Amino acid sequence: MSDSFSSYLKERCKTVDRALNGYLPQARTRPGTIHEAMRYSLFAGGKRLRPILSLAAAEACGGNLEEALAPASAVECIHTYSLIHDDLPCMDDDDLRRGMPTSHVKYGEGIAVLTGDALLTIAFEILAQTPPTKRYDVGAYVTELATASGSRHLIGGQVMDLEGEGSDVLLSPPQLKFIHQSKTAALLTASIRLGAMTANVTPGKLEALTVYGQSLGLAFQVIDDILDVTQTSEKLGKSAGKDEATNKSTYPALFGLEKSRKEAARLTKKAHEALKPFGKKGQRLGEIAEYLLNRDY
Ligand code: GRG
């Protein structure tokens, strides 16, 4: 990663954290436990990939950072809620996330469920503060995020994942692709689309960004599956090697590591191609795609 791209990511992380800090109730706000727990998971670390994509998409469409901060913060709240709930004993039952004890380990299961609920809810409170543009009103923003987070996408993917658990039979490639698209690519794509919508993006460019987001989102999950096999828990900040141990259907399980890496590279190339209409303005989005392909955590 070049020094300038690395400073760009750090700078964007700071901008996102400042915005989140401003939107979230203070930890001492009554009842303190829930607000402390929301902040604990939100500020535990994390790459801030989804909000950074929102901001980069707004800039690629000629918009500005300020107006994209609300949707950027909202998507990070949804993402963090999904991680908290995914880690619960009734789901993936994990005790490590973002290098820290998971929410239920620290606060107990009841508070962890409520913390996820509170982050899901506040996401829409924050999103509603996004300035409307000529083409997109607050209703359009809410529909975008609600659809990506709901039963046809994020939650739907999790349902299929849960149902596949404990089965000796691996999923078919189209089934696995559908889960990855729902669970991972949909929220990433919505993050990008929301950022672009704050810049009053044209329908044509919005479609190009959708192709970029879906390809990048799928590539991201293929790499995530690969890292689960090849990296340590310490490096990832979450439990590694779980997919294999639980006989989970993943890209490496279905295709092997080498074919999975090739697939991630093919999807990343498709993401780059979708950026053509943006010329130089799409440079950051292109760099993000490359960074995600080559990441090691
Ligand atoms: C429980 C409603 C509900 C949904 C769960 C998103 C999800 C569905 C589960 C989380 C676990 C998982 C494997 C999700 C797939 C997406 C993914 C790889 C998330 C991790 O995202 P990163 O790497 O995490 O961006 P950080 O911590 O960097 O933000």
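Which residue lies over the face of Tyr 8? Arg 284 does, at 4.1 Å from the ring centre. The legends below describe close-up views of a predicted model.

**View A. Aromatic cluster and the charge over Tyr 8.** Phe 5, Tyr 8 and Tyr 291 form one aromatic cluster. Arg 284 is placed over the face of one member, Tyr 8. The structure holds four aromatic pairs.

**View B. The Tyr 40–Tyr 107 pair.** The ring centres of Tyr 40 and Tyr 107 are 5.6 Å apart. Their planes stand at 80 degrees, so the pair is edge-to-face. Tyr 40 lies in helix α2 (residues 32-42) and Tyr 107 in helix α5 (residues 103-107), so the contact ties together parts that are 67 residues apart in sequence. Tyr 40 is buried, with a relative accessible area of 14%. Tyr 107 is buried too, at 17%. Lys 106 lies over the face of Tyr 107, at 5.8 Å from the ring centre.

View C. Around the ligand are 18 residues; Lys 47, Arg 50, His 79, Asp 86 and Arg 98 come nearest. The side chain of Lys 47 places an N or O atom 2.6 Å from an oxygen atom of the ligand. For Arg 50, the distance from a side-chain N or O atom to a ligand oxygen atom is 2.8 Å. His 79 has a polar side-chain atom 2.8 Å from an oxygen atom of the ligand. On its own, the ligand has 700 Å² of accessible area, and the protein covers 92% of that.

**View D. Make-up of the ligand shell.** Which helix gives the largest share of the shell around the ligand? The answer is α4, with six residues. At least two shell residues come from each of α4 (65-87), α8 (154-164), α9 (173-197) and α10 (203-230). By class, the shell has five nonpolar, seven polar and six charged residues.

**View E. Arg 98, a ligand neighbour with positive phi.** Arg 98 is among the residues that come nearest to the ligand. Its place is the loop between β1 and β2 (100-101). Phi of Arg 98 is near 55 degrees, a positive value in a residue other than glycine. Most residues other than glycine have a negative phi, and most peptide bonds are trans. Is Arg 98 buried or exposed? Arg 98 is buried, with a relative accessible area of 17%.

**View F. Two further backbone features in loops.** Asp 93 lies in the loop between α4 and β1 (96-97). Phi of Asp 93 is positive, near 50 degrees. At 49% relative accessibility, Asp 93 counts as partly exposed. A cis peptide bond joins Arg 30 and Pro 31, with omega about -5 degrees. Pro 31 sits in the loop between α1 (3-23) and α2.

**View G. Glu 76 in helix α4.** Glu 76 belongs to helix α4. Glu 76 is buried, with a relative accessible area of 1%. Its side chain makes a polar contact of 2.9 Å with the side chain of Arg 48.

**View H. Gln 214 in helix α10.** Gln 214 is located in helix α10. With 43% relative accessibility, Gln 214 counts as partly exposed. Gln 214 and Gln 175 are 39 residues apart in sequence. In space, C-alpha to C-alpha, they are 16 Å apart.

Key. Residues numbered from 1 in each chain as written. Predicted model: local features only at pLDDT ≥ 70, side-chain atom pairs only at ≥ 80, totals over all residues. Heavy atoms only, no water. Near = heavy atom within 4 Å. Polar contact = N/O pair within 3.5 Å; in protein donor to acceptor, adjacent residues only side chain to side chain. Areas by Shrake-Rupley, 256 points an atom, 1.4 Å probe, with all protein chains shown as cover. Helix = DSSP H or I, 4+ residues; strand = E, 2+ residues; numbered from the N terminus. Nonpolar A, V, L, I, M, F, W, Y, C, P; charged D, E, K, R; others polar. Phe/Tyr/Trp six-rings, centres within 6.5 Å; stacked < 30°, edge-to-face > 60°. Buried < 20%, exposed > 50% of the residue type's maximum accessible area, 1.4 Å probe, protein only. Lys NZ or Arg CZ within 6 Å of the ring centre and 35° of its normal.
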